[in-house]
Amino acid sequence: MNGRVAVLKAYGGEFELREYPVPDVEPGAILVRLTRAGVCGSDLHIWRGEMKEVYGAIPKDLTFGHEMCGRVARLGAGVTTDSLGQLLAEGDRIAFCYFFPCGRCPVCLRGELGSCPRKGRPNRVAGTAPYFNNAYGDYYYLRPDHYVFKLPDELSDDIATPANCALSQVLYGLRRAGFGFGQTVVIQGAGGLGLNAVAVARDMGADRIIVFDRLADRLELARAFGADDTLSLADLTTAERRIEAVMDLTGGFGADVVADFVGYPEVVPEGLRMLRSGGCYLEVGSIAPGNVFSYDATALVRNNARLVATSNYSPWALEQSL
Ligand SMILES: [Zn+2]
Ligand SMILES: [Zn+2]
């Protein structure tokens, strides 16, 4: 039996569908028949060729995609439940982490699986066994002993697909930033990450959620997701005016947490100036290399500022997201 994999031959080009043999499952592994895949902002960076440092000057039979869900096609020997102990059978709908904390390095030993230096994803060159290593294909080969969660019927594939990326990452990031009940957060950028962050912050008990974006329809979505104040860059055209607006909304003190979900480095110095003394700046948006900003380190010291940056998440975040 064969399955298809989408392969990118040139940045900005079309995908080519190739067939590879569906592998046998080793003990502890799961073969997943994918039912949905999502297009992440990072996938667009890859496709446009903005991450050549990672993927090479020319994409070499590149396969990618990481937002997905599917049904159990085959269970490896010894797999009887998901990570929560719920019985697992062929045909069950599941979601899973798309990266692989090793669980045994010094970082994992400290309980910080999201920061595992070995968590890298499987091979992205098409034709490398077990062939189905990414989201854009008919199958996904889930390595042995991985984090996997059975999907309840009330979660549709459309909802579950991006939960293993944006939703889990913002949940993890806001938790690491120390965000919690009664606090104020500024969200820079109401794209996929930012909108998820609005909903998560609301659910975590935010007192006030302030969102910046340039596009009116995104700001409208942000309100639907639970934002209190949506501010347009079209109206507030300078950093000074935007910082002043946040100060006005926070009694002159600044926000407890300011989070970048934009990915342009110039928003960082601006966001740092929206923080209250002792507040935390959460950096998530920058993923393509070269996002350099400059800021007065003395201002950080004087404000007792904290900086937290977040890539991926620890597996508990996916369970909570679902
Ligand atoms: Zn993603
Ligand atoms: Zn590790």
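**First stop: two helices**

Select α5 and α6: they lie oblique to each other, because their angle is neither under 35 degrees (roughly parallel), over 145 (roughly antiparallel) nor 65 to 115 (roughly perpendicular). Before you go on, note that this is a predicted model, where local features need pLDDT of at least 70, side-chain atom pairs count only at pLDDT 80 or more, and totals for chains, interfaces and linings use all residues. Residues are numbered from 1 along each chain as its sequence is written, chains are lettered from A and ligands numbered from 1 in the order in which they are written, and side-chain values use heavy atoms, leaving out hydrogens and water.

Helix α5 covers residues 166–176 and helix α6 residues 192–203; they pack at about 55 degrees, with axes 9 Å apart. Helices here are DSSP runs (H or I, at least four residues), and strands are too (E, at least two), numbered from the N terminus. Axes are lines fitted to C-alpha atoms, for helices over the stretch in contact, and angles run from 0 to 180 degrees between N-to-C directions.

**Next: the zinc ion**

Now pick ligand 1, the zinc ion. Its protein donors are Cys40 (SG), His66 (NE2) and Cys165 (SG), 2.0 to 2.2 Å away. Donors are N, O and S atoms within 2.8 Å of the metal (3.2 Å for Na, K and Ca); water is not among the atoms, so sites may look incomplete. Cys40 sits in the loop between β3 (30–38) and α1 (41–48), and His66 in the loop between α2 (52–55) and β4 (67–75), so the pair ties together parts 26 residues apart in sequence. Along the chain, the donors follow the spacing C-x25-H-x98-C.
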